[in-house]
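Please look over the model below before reading on.

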Amino acid sequence: MAHLLHIDSSAVFEGSVSRELAGAFRRAWSEAHPDGTVSHRDLGATAVPHLDEAGIVSQFLPAEVQSAEQRKAGALRDELVEELLAADALVISAPMYNWNIPSTLKAWIDQVLVAGRTLAFGDAKPLAGRPATLLLSFGGGYTPGAPQAPRNHVEPYLQTVFKDELEMDLVVISAQLTLAGKVPGMEDLVDLAQKSRSDALAAAEERARKAAGALA
Ligand SMILES: Cc1cc2nc3c(=O)[nH]c(=O)nc-3n(C[C@H](O)[C@H](O)[C@H](O)COP(=O)(O)O)c2cc1C
């Protein structure tokens with residue numbers, strides 16, 4: 001029985017494209033895996049705290065010499081790390097905010113990347129090979145070759161974390177041009193945006209079926 005960890009990070013609930021992609025993924029996952037279990041962490045609804053000094057120090061000090069504040073911060077990191085390690089598969093939905101990921105998602109990543117637990121010191125890579133799926137939404141167009149593509153700091157960063165460092169089996173699916181029809185100057189891009197969104201929805205379902213099938 002496989003366990004999925006589902007993370008959402010859009011601050012918007014009504015009409016969120018990244019949440020819509022995650023919904024499509026979840027439905028296809030659950031159909032393929034009716035006995036599977038899912039944990040859902042909604043960073044848009046409930047952000048995790050920024051990593052602070054107590055949280056950093058807690059990873060290096062023996063429990064018996066930690067202050068109450070360090071123990072509390074360490075316990076939160078433990079909870080988030082355990083939640084990630086318990087997942088056979090990971091799906092994260094995220095919008096582009098100011099050319100990067102939402103700060104809520106960055107805060108979660110800062111909390112869960114712990115050397116010797118999720119990040120390897122030596123050869124041991126606890127999450128290596130597990131399927132990770134990123135479902136991204138971009139207001140503009142950032143596909144390779146697009147004029148704005150060099151300003152996409154979302155994908156290179158997330159690739160560094162989940163593919164290069166954690167060595168997860170990463171697939172990235174994105175809906176582009178989601179602001180077409182909403183902001184002036186993008187009127188001609190509405191059809192392209194609709195196609196990008198429907199392609200992304202189909203790709204999210206397909207990926208969910210494949211990842212679930214591989215874990216069945
Ligand atoms: C605070 C904020 C910052 C944004 N910054 C960018 C940006 O830098 N580039 C871009 O293409 N779109 C930007 N957008 C548009 C979002 O990426 C787009 O609306 C996306 O669909 C939001 O995801 P959601 O639909 O899942 O909420 C921004 C939106 C917000 C609310």
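1. Start with serine 137. An N or O atom in the serine 137 side chain is 2.8 Å from an oxygen atom of the ligand. That is a polar contact (a pair of N or O atoms within 3.5 Å). Taken alone, the ligand exposes 630 Å², and the protein buries 75% of that; accessible areas come from the Shrake-Rupley method with a 1.4 Å probe.

2. This is a predicted model: local features need pLDDT of at least 70, side-chain atom pairs count only at pLDDT 80 or more, and totals for chains, interfaces and linings use all residues. Residues are numbered from 1 along each chain as its sequence is written, and side-chain values use heavy atoms, with hydrogens and water left out.

3. The backbone takes part too. A backbone N or O atom of valine 17 lies 2.8 Å from an oxygen atom of the ligand. A polar backbone atom of asparagine 98 is 2.8 Å from a nitrogen atom of the ligand.

4. Which residues come nearest to the ligand? They are Ser10, Ser16, Ser18, Met96 and Thr178, out of 17 residues around the ligand (a heavy atom within 4 Å).

5. Now the rings. The whole structure has two aromatic pairs (ring centres within 6.5 Å). Phenylalanine 25 and tryptophan 29 form a stacked pair, 6.1 Å centre to centre with 15 degrees between the planes (stacked is under 30 degrees).

Methods:
A polar contact is a pair of N or O atoms within 3.5 Å; within protein, one must be able to donate a hydrogen and the other to accept it, and residues adjacent in sequence count only if both atoms are side-chain atoms. Rings of Phe, Tyr and Trp (its six-membered ring) pair if their centres lie within 6.5 Å; planes under 30 degrees apart count as stacked, over 60 as edge-to-face and the rest as tilted.
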